[in-house]
Each structure stands twice: as structure tokens, then as C-alpha cells.
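Work through the exercises below with the sequence and the model open. Each task is followed by a solution in steps.

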Amino acid sequence: MGYHQKRVGAIHDISGVGKCSLTVVLPILSAAGIECSVLPTAVLSTHTGGFEGFTFRDLTEDMMPIAEHWKKEGIGFDSFYSGYLGSLAQIDMVIDIMEMFRTPDTFIMVDPVMADHGELYSLFTMDHVKGMAKLCGHADIIIPNRTEAAFMLGRDYKGGPMSEDDVKVLVNDLAGLGAKQVVLTGVHFGDEDFGAACFDTTTGDIDYVIEKRIEGMYHGTGDVFGAFLLGALLQEKSLEESTKIAVDFTCASIRLTAADGTGPRMGVRFESVLGDYANLFNK
């Protein structure tokens with residue numbers, strides 16, 4: 001039997017300018033040697049952070065016909081990866097599409113993109129939170145930030161440094177939504193550090209990857225992190241190793257952008273680290 005190239009179905013929006021969602025997911029997964037098929041949820045002229053007057057085209061009505069055509073053509077997927085979903089209808093549709101193609105070997109990653117810094121994104125409601133929690137129950141791995149975790153668990157958001165007990169409670173309760181693995185982002189134990197915690201329910205282990213904090217808020221880093229993580233996981237790296245790779249390469253991208261002095265509006269310079277990322281898997 002010949003070489004099997006893994007294929008991911010990436011269910012995200014497309015922002016024409018501003019590096020996030022599909023415009024980062026596709027090149028990063030490609031650098032990992034993974035075929036990336038895209039199912040766009042919307043098309044925007046720019047991302048929504050730092051720009052005004054952007055155009056927005058909702059593609060909800062196109063999503064199921066695209067998936068049905070794939071199914072008719074006998075196209076299979078090793079993995080699905082979903083991110084920002086703009087409506088409850090899209091959440092239910094993504095669940096149906098994932099289950100349409102799912103086999104015992106399909107690896108599903110859900111990033112419940114809907115909140116940050118203690119607040120839901122504009123236009124989202126608690127119904128959206130419940131829908132995202134339901135979607136997480138269909139995933140093998142979920143990668144929420146601390147705000148999204150708090151909302152899905154019905155907790156008050158607590159900012160600032162955490163304790164290991166805080167993390168343990170959060171990741172165990174998040175796993176209770178249904179996923180076997182959890183990567184919690186935005187974890188830090190002091191004011192000068194920042195990183196992620198990963199939890200595997202099969203071993204019960206919680207591992208931490210903590211880096212020195214980089215000042216500023218850079219758009220699209222969650223999508224960059226998720227793509228680096230999934231690429232490593234699909235290349236058979238362990239959860240802990242994949243989390244470290246994702247943190248390292250995301251931080252490297254942010255540091256390059258910070259050194260440029262170009263500001264956060266356009267996203268981070270992930271392109272400059274793709275060669276090193278690809279070399280991890282192509283030796």
C-alpha cells in the first residue's frame with residue numbers, strides 16, 4: 001500500500017486581510033505535510049479586530065451542499081478542525097457534517113472560539129455558549145482559552161495568575177463535556193509567564209508549557225496555535241510534545257512581530273517559522 005497523506009477538513013471563516021482562520025490554518029497544516037481541505041463558514045474583507053467597515057458574506061447555506069458533494073465523491077477525512085462559527089445554525093450543521101464523515105479513526109479538534117478577556121464576543125449569547133459546549137462533546141480534543149472554559153462550565157471568569165489546583169479543576173471539568181484531551185490556553189502562574197496546560201484523560205496527566213510573557217494582544221494567535229498543535233498531533237507527536245511545539249512556534253511568531261514594531265493589527269509573522277516547523281516532520 002502506498003503513502004497515505006492525512007487530510008483535514010478545516011471549518012473556519014476566511015478573512016482576506018489579517019492573518020487568522022483559514023489563511024493561517026491552511027499553510028501551517030500544509031507545512032506539516034497534511035492536506036488541508038477547507039469548508040468556509042463566511043468570507044470577510046478583513047478580520048474584525050482593528051478594522052472598521054469590513055465586508056461580511058455568510059456562507060451557512062453553502063456548507064451542507066459542499067459537504068454532501070464531498071460525501072458523494074467518496075472523499076474521506078482523517079481529521080476535522082473547527083474554529084469561529086457565527087451562528088447556532090452553523091454549530092448544529094458542523095456537528096452533522098463531522099458525524100457524516102466520522103469513522104472510528106477520525107480525529108476531531110474543536111476550538112470553541114467565542115470569548116476572551118472575560119467577555120463573550122459581540123453578537124454571541126448564552127445559547128451560543130451552550131451550542132459550543134455541545135459541539136465540544138463531539139470532539140476528541142478541545143482547545144479553549146480561560147474565558148471560553150469559564151463560560152462553557154457556567155463559572156465566573158477569574159483573571160490573573162492561577163494555581164495548579166485551579167488548572168486541575170478546569171481541565172477535568174472541561175473533559176466532562178466529552179473530549180478525551182483538553183488543551184487550556186492562557187495559563188499563567190505569575191505576571192511574567194504565559195502558556196498552556198494539556199490534559200489527557202487516558203493517563204490523567206496534566207502537563208504545562210509556560211513561556212515568558214510577550215506584551216501586547218496579537219490577533220489570530222489562537223488559530224496559529226491550533227494549527228501548529230493539530231499538525232504536530234497528526235504527525236504522531238504526543239499531546240505534551242505537540243503542545244510544546246505549538247506554544248514555541250506561536251511565541252516565536254509573536255516575538256518576530258513584536259520586534260518588527262508593525263503592531264498587532266495584521267496578525268503575527270508565522271510565515272517566517274514555517275520552514276523550521278516543516279523540518280520537524282520532514283527529516
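**Exercise 1. The chain as a whole**

What radius of gyration would a compact globule with 283 residues have, and what does the chain have?

Solution. The model is predicted, so local features need pLDDT of at least 70 and side-chain atom pairs count only at pLDDT 80 or more, while totals for chains, interfaces and linings use all residues. Residues are numbered from 1 along each chain as its sequence is written, and side-chain values use heavy atoms, with hydrogens and water left out.

Step 1: The radius of gyration is taken over C-alpha atoms, and the globule rule is 2.2 Å times the number of residues to the power 0.38. For 283 residues a compact globule would be near 19 Å, and the chain, at 18 Å, agrees with this.

Step 2: The C-alpha trace spans about 50 × 45 × 40 Å along its principal axes.

Step 3: Of the 283 residues, 50% are buried; buried means under 20% relative accessible area, exposed over 50%, and partly exposed in between (1.4 Å probe, protein chains only).

Step 4: Take the contacts (heavy atoms within 4.5 Å) with a separation of 6 or more: 68% of them join residues 24 or more positions apart.

**Exercise 2. Helix 1**

List the buried residues of helix 1 and state what they pack against.

Solution. Step 1: Helices (H or I, at least four residues) and strands (E, at least two) are DSSP runs, numbered from the N terminus. The chain has nine helices and 13 strands.

Step 1: Helix 1 covers residues 22-31, and its buried residues are Leu22, Val24, Val25, Ile28, Leu29 and Ala31.

Step 2: Their packing partners include strand 1 (7-11), strand 2 (14-17) and strand 3 (35-38). Strand 6 (79-82), helix 7 (221-234) and helix 9 (274-279) are also among them.

**Exercise 3. Thr106**

Is Thr106 buried or exposed?

Solution. Step 1: Thr106 sits in the loop between helix 3 (88-101) and strand 7 (107-110).

Step 1: Its relative accessibility is 4%, so Thr106 counts as buried.

Step 2: Leaving out residues up to four places away in sequence, Thr106 touches Phe77, Asp78, Ser79, Phe80, Phe101 and Asp140.

Step 3: A polar atom of the Thr106 side chain lies 2.8 Å from the backbone nitrogen of Thr103. A polar contact is a pair of N or O atoms within 3.5 Å; within protein, one must be able to donate a hydrogen and the other to accept it, and residues adjacent in sequence count only if both atoms are side-chain atoms.

**Exercise 4. Ser87 and Lys71**

Which backbone atoms lie by the side chains of Ser87 and Lys71?

Solution. Step 1: Ser87 belongs to the loop between strand 6 and helix 3, and at 22% relative accessible area Ser87 is partly exposed.

Step 1: The Ser87 side chain has a polar atom 3.1 Å from the backbone nitrogen of Gln90. Beyond four places in sequence, Ser87 touches Thr60 and His128.

Step 2: Lys71 is part of helix 2 (residues 60-72) and, with 43% relative accessibility, counts as partly exposed.

Step 3: The backbone oxygen of Met100 is 2.8 Å from a polar atom of the Lys71 side chain. Met100 and Phe101 are the residues that Lys71 touches, not counting residues up to four places away in sequence.
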